Amino acid sequence: MNDFLNSLERKPKGTFVFIDDDKDEHHLLELAMEELGLPNPVVHCMDGMEAFNYLKETKDEIFIILSDLNMPVMDGLELKRLVEITPELKIRAIPFIFHSNTGSTAEIKAAYASNIQGYLKKAPSIEGTIKSLQKIIALWTDCVHPKDIEEEAF
């Protein structure tokens, strides 16, 4: 699967932030990253509050946030709302994707209303998780991001 990484025009730069209250999901995503040959650092958070505190404190470049929707302490929707109203986080324009087993119509609409970049159902297998991660990485390595643009003098 390292062919995937070699097939990318640009390599994903930065930390992957995985937010889920299920340790098995963290393990699946780690296995998928290994299978794809991704050397990026990973920060694992068990709920939105832990992730919010990390995001506020870190100076690390974040490649992507992949968050579950329903979690104790603080759910994914509340985390995304906090990111949107925290100027120092919002300006970083970190891609935020929900990765969840649930998804009522109301939840999906609320997620997109909070300015997310995607909503994926969790795959039932490691193969499905790998495919989802490939799609996410391929998209976000091709996208032009504000951090990649040099400021022009006027």
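I take a contact to mean heavy atoms within 4.5 Å. The model I am reading is predicted.

**Entry 1: helix α4.** I looked up the buried residues of helix α4, which spans residues 76-85. They are Gly76, Leu77, Leu79, Lys80, Leu82 and Val83. I then asked which elements the buried residues of α4 pack against. The list comprises the strands β1, β3 and β4 (96-100), together with the helices α3 (48-57), α5 (87-90) and α6 (105-113). For the N-terminal end of α4, I found a cap provided by Asp75. A side-chain oxygen of Asp75 lies 3.1 Å from the backbone nitrogen of Leu77, and Leu77 is itself one of the buried residues of the helix.

**Entry 2: aromatic pairs.** Phe16 and Phe63 form a tilted pair, at 5.1 Å centre to centre and 40° between the planes. Phe16 belongs to strand β1 (residues 15-19) and Phe63 to strand β3 (residues 62-67), so this pair ties together parts of the chain that are 47 residues apart in sequence. I noted that Phe16, Phe18 and Phe63 make up one aromatic cluster.

**Entry 3: strands β4 and β5.** I examined how β4 is joined to strand β5 (residues 118-121) and found four bridges, with the two strands running parallel. Across this pairing, Phe98 stands opposite Tyr119 in β5. The chain passes from β4 through α6 to β5, and I recorded this β-α-β crossover as right-handed. Helix α6 is also among the elements that the buried residues of α4 pack against.

**Entry 4: the whole chain.** I counted seven helices and five strands. Their order from the N terminus is α-β-α-β-α-β-α-α-β-α-β-α. Along the principal axes, the C-alpha trace spans about 45 × 40 × 30 Å. The radius of gyration is 15 Å, which agrees with the value near 15 Å for a compact globule of 154 residues. Buried residues make up 45% of the chain. Among contacts with a separation of 6 or more, I found that 71% link residues 24 or more positions apart.

Key
Residues are numbered from 1 along each chain as its sequence is written. This is a predicted model: local features need pLDDT of at least 70, side-chain atom pairs count only at pLDDT 80 or more; totals for chains, interfaces and linings use all residues. Side-chain values use heavy atoms; hydrogens and water are left out. Rings of Phe, Tyr and Trp (its six-membered ring) pair if their centres lie within 6.5 Å; planes under 30 degrees apart count as stacked, over 60 as edge-to-face and the rest as tilted. Buried means under 20% relative accessible area, exposed over 50%, partly exposed in between (1.4 Å probe, protein chains only). A polar contact is a pair of N or O atoms within 3.5 Å; within protein, one must be able to donate a hydrogen and the other to accept it, and residues adjacent in sequence count only if both atoms are side-chain atoms. Two strands pair if DSSP finds at least two bridges between them. A crossover is right-handed if, with the strands pointing away from the viewer, the path from the first strand over the helix to the second runs clockwise. The radius of gyration is taken over C-alpha atoms; the globule rule is 2.2 Å times the number of residues to the power 0.38.
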